[in-house]
Amino acid sequence: QVQLVESGGGLVQAGGSLRLSCAVSGRTISDYTMGWFRQAPGKEREFVSTITWRLGGTRYADSVKGRFFISRDNAENTVYLQMNSLKPEDTAVYYCAAVYGSSWARGADYWGQGTQVTVSS
């Protein structure tokens, strides 16, 4: 079993920055891919970014490319999402997720509880 606990959300003005953290515990996750997803009110949950734990390979949604940066700290068992140049349309609940291997086709194996990010204009 893997537990994911997000933190770092909050209220920020457009153009500002936030860093989200996802603390991972419960088992070895070297064979997992970690991801950040978000869900805005009235919309479906969408992919933001992923990182493979072992090699650190990353992917980003086009909407956040160049503004958001995902990273992981092996020693701290934590995944981060640095969000810069935030826009009101980035407002959403952000979720940390983990999947064994690298395919998200069958959905995540584990989800965090989510953290709210609100960007004011």
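Predicted model: local features only at pLDDT ≥ 70, side-chain atom pairs only at ≥ 80, totals over all residues.
Local features were taken at pLDDT of at least 70 and side-chain atom pairs only at pLDDT 80 or more, whereas totals for chains, interfaces and linings use all residues. Residues are numbered from 1 along each chain as its sequence is written, and side-chain values use heavy atoms, with hydrogens and water left out.

Strands, here DSSP runs of E of at least two residues, are numbered from the N terminus. Four of them form an open sheet in the order S1-S3-S8-S7, with antiparallel pairing, where two strands are taken to pair if DSSP finds at least two bridges between them. Strand S1 (3-7) and strand S7 (68-73) are the edge strands, each pairing on one side only. On average, neighbouring strands of this sheet are turned by 15° against each other, direction ignored, the axes being lines fitted to C-alpha atoms, with angles in general running from 0 to 180 degrees between N-to-C directions. Within the sheet, strand S3 (residues 18-25) and strand S8 (residues 78-83) run antiparallel and are joined by six bridges; Cys 22 has Val 79 as its bridge partner in S8.

Ser 21 also has its place in strand S3. Ser 21 counts as buried because its relative accessibility is 15%, buried meaning under 20% relative accessible area, exposed over 50% and partly exposed in between (1.4 Å probe, protein chains only). Residues up to four places away in sequence not being counted, Ser 21 touches Val 5, Glu 6, Ser 7, Trp 36, Thr 78, Val 79 and Tyr 80, contact being defined as heavy atoms within 4.5 Å.

A salt bridge was assigned where a side-chain nitrogen of Lys or Arg lies within 4 Å of a carboxyl oxygen of Asp or Glu, and by this rule the count comes to six. In one of these, Arg 54 pairs with Asp 31, with the closest N and O atoms 2.4 Å apart. Because Arg 54 lies in the loop between strand S5 (46-52) and strand S6 (58-60), and Asp 31 in the loop between S3 and strand S4 (32-39), the pair ties together parts that are 23 residues apart in sequence. Asp 31 counts as partly exposed, at 37% relative accessibility.

Asp 90 forms a salt bridge with Arg 38, the closest N and O atoms being 2.9 Å apart. Since Asp 90 lies in the loop between S8 and strand S9 (92-100) and Arg 38 in strand S4, this pair ties together parts that are 52 residues apart in sequence. Both Asp 90 and Arg 38 are buried. Asp 90 also meets Arg 67 in a salt bridge (2.8 Å, N to O), and this pair links the loop between S8 and S9 to the loop between S6 and S7, 23 residues apart. Arg 67, like Asp 90, is buried. Through shared partners, salt bridges join Arg 38, Glu 46, Arg 67 and Asp 90 into one network.

The largest nonpolar core has 31 residues, of which Leu 4, Met 34, Trp 36, Leu 81, Met 83 and Tyr 94 touch the most other members; such a core is a set of buried Ala, Val, Leu, Ile, Met, Phe, Trp, Tyr and Cys residues joined through side-chain atoms within 4.5 Å. At least two residues of this core are supplied by each of S3, S4, S5, S7, S8, S9 and strand S11 (115-120). Neighbours within four places in sequence left aside, the contacts of Tyr 94 include Trp 36, Arg 38, Leu 81 and Met 83.

Terms used:
Helix = DSSP H or I, 4+ residues; strand = E, 2+ residues; numbered from the N terminus.
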